[in-house]
Amino acid sequence: YFLQKSLKKQMTKLAIHSVGARVVELLFGTFPPKSVAPLKLELYGPQYALFASVNTTGKDNSPTLPSLTEFVEDNPDKREPTLAHLQALLQKGLDKSLTGFGYFHSLLLDYASIASPEDIRSFLTPALAEHSLHLLSTRAGTKVVCECAAYGTVKDRKKMLKCLKGYTRSSLKHRDAYLAVLRMCDVMDDTVLVNKMLLGE
C-alpha cells in the first residue's frame, strides 16, 4: 500500500525514464498483478482514470477495473484520446530503447488490442520492425510481433524477417517466440526469402 501511495501519479514519467523503467519492471515482476493494477492503469491516460467504472465481477465479488479493451468498448468516444495518449507514451519509450522490458511489451499489446489495423500498420509496425527480436522474450511481445506481421507492409515484414535471421532455431524452441516464426511463414508472400532467411536454418 505504501508503495502504491508513493508512486501514484508518477507512473507515466517512470515508465519512459531510462532508469525509472527498471523500477517499473521490477515492480510489475515482483508484486502480484492485483496489487499493482492501479499503478499500471495510470499508463492508459487520464481518461481511463476518470471514466473507468469499478465493477464487482472479479473473484469473490471483489471490486475490479475493466480491461482497456472493455473500457473502449463501453466508451467508444474515449478510444481516440486513449490511443493518442498510448502512442505518445510508446513513442517516447521507443526513443529511449525500452523494448527489452516486459512491462513495455504489455503496454504495446494493450495498444494493439484497441488499435485499428491501419494504426498498427502506420505506427506500430514501422517503429518495431527492427526491434522484433527483443519482443520475442515475452508472450505479450510475441503477440505484438504477430500483429505487426499480420498488418505490416511488405517492406516492414522483410525488416522483421532480417531481425529473426540466425535465431529461427532458438525461437522455435522458445515457449512463446515460435508463434512469431509461424506467423511470418503464414503471411509472407516471398517464399524464396522465407526459405533463405528462416527455414534454411
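In which helix is the place of threonine 82? Threonine 82 sits in helix 7, which covers residues 79–95. Welcome to this structure: it is a predicted model, and the chain averages a pLDDT of 87, with 91% of the residues scoring at least 70.

**Confidence along the chain**

- Confidence reaches its highest mean, 96, in helix 11 (residues 139–151).
- At the other end of the scale is helix 5 (residues 46–51), where confidence is lowest, with a mean of 73.

**Threonine 82 and its surroundings**

- A polar atom of the threonine 82 side chain lies 2.7 Å from the backbone oxygen of lysine 78.
- Leaving aside residues up to four places away in sequence, threonine 82 touches Tyr44, Gln47, Leu68, Phe71 and Ile114.

**Glycine 45, in a loop**

- Look for glycine 45 in the loop between helix 4 (33–41) and helix 5.
- With a relative accessible area of 3%, glycine 45 is buried.
- Glycine 45 and leucine 83 are 38 residues apart along the chain, and their C-alpha atoms are separated by 9.1 Å.

**Helix 12 and its two sides**

- Helix 12 spans residues 154–164, and its buried residues are Asp156, Arg157, Met160, Leu161, Cys163 and Leu164.
- Why do these buried residues line one face of the helix? Seen down the axis of helix 12, they fall within an arc of 155°, so they share one face.
- An α-helix has 3.6 residues a turn, so residues three or four places apart point the same way.
- Val154, Lys155 and Lys162 are exposed on the other side of helix 12.
- The partners that the buried residues of helix 12 pack against are helix 9 (117–128), helix 10 (132–135), helix 11, helix 13 (168–173), helix 14 (178–187) and helix 15 (191–199).
- Just after helix 12 comes glycine 166, which takes a positive phi of about 90°.

- How many disulfides does the structure hold? The count is 0.
- A disulfide is a covalent bond between the sulfur atoms of two cysteines.
- For cysteine 146, the closest cysteine sulfur is that of cysteine 148, and the 9.3 Å between the two sulfurs is too far for a bond.
- Cysteine 146 counts as buried because its relative accessibility is 9%.
- Cysteine 148 is buried too, at 2% relative accessibility.

**A cluster of aromatic rings**

- The structure has 4 aromatic pairs.
- One of the pairs joins phenylalanine 101 and tyrosine 103, whose rings are tilted, with 6.0 Å from centre to centre and 40° between the planes.
- Phenylalanine 101 is buried at 15% relative accessibility, and tyrosine 103 is buried with a relative accessible area of 4%.
- Tyrosine 103 also pairs with phenylalanine 104: the ring centres are 6.4 Å apart and the planes meet at 85°, so this pair is edge-to-face.
- Both tyrosine 103 and phenylalanine 104 are buried.
- Ring pairs bring Phe28, Phe101, Tyr103 and Phe104 together in a cluster.

Conventions
Residues numbered from 1 in each chain as written. Predicted model: local features only at pLDDT ≥ 70, side-chain atom pairs only at ≥ 80, totals over all residues. Heavy atoms only, no water. pLDDT = per-residue confidence, 0-100. Helix = DSSP H or I, 4+ residues; strand = E, 2+ residues; numbered from the N terminus. Buried < 20%, exposed > 50% of the residue type's maximum accessible area, 1.4 Å probe, protein only. Arc of directions from axis to C-beta. Contact = heavy atoms within 4.5 Å. Disulfide = S-S within 2.5 Å. Polar contact = N/O pair within 3.5 Å; in protein donor to acceptor, adjacent residues only side chain to side chain. Phe/Tyr/Trp six-rings, centres within 6.5 Å; stacked < 30°, edge-to-face > 60°.
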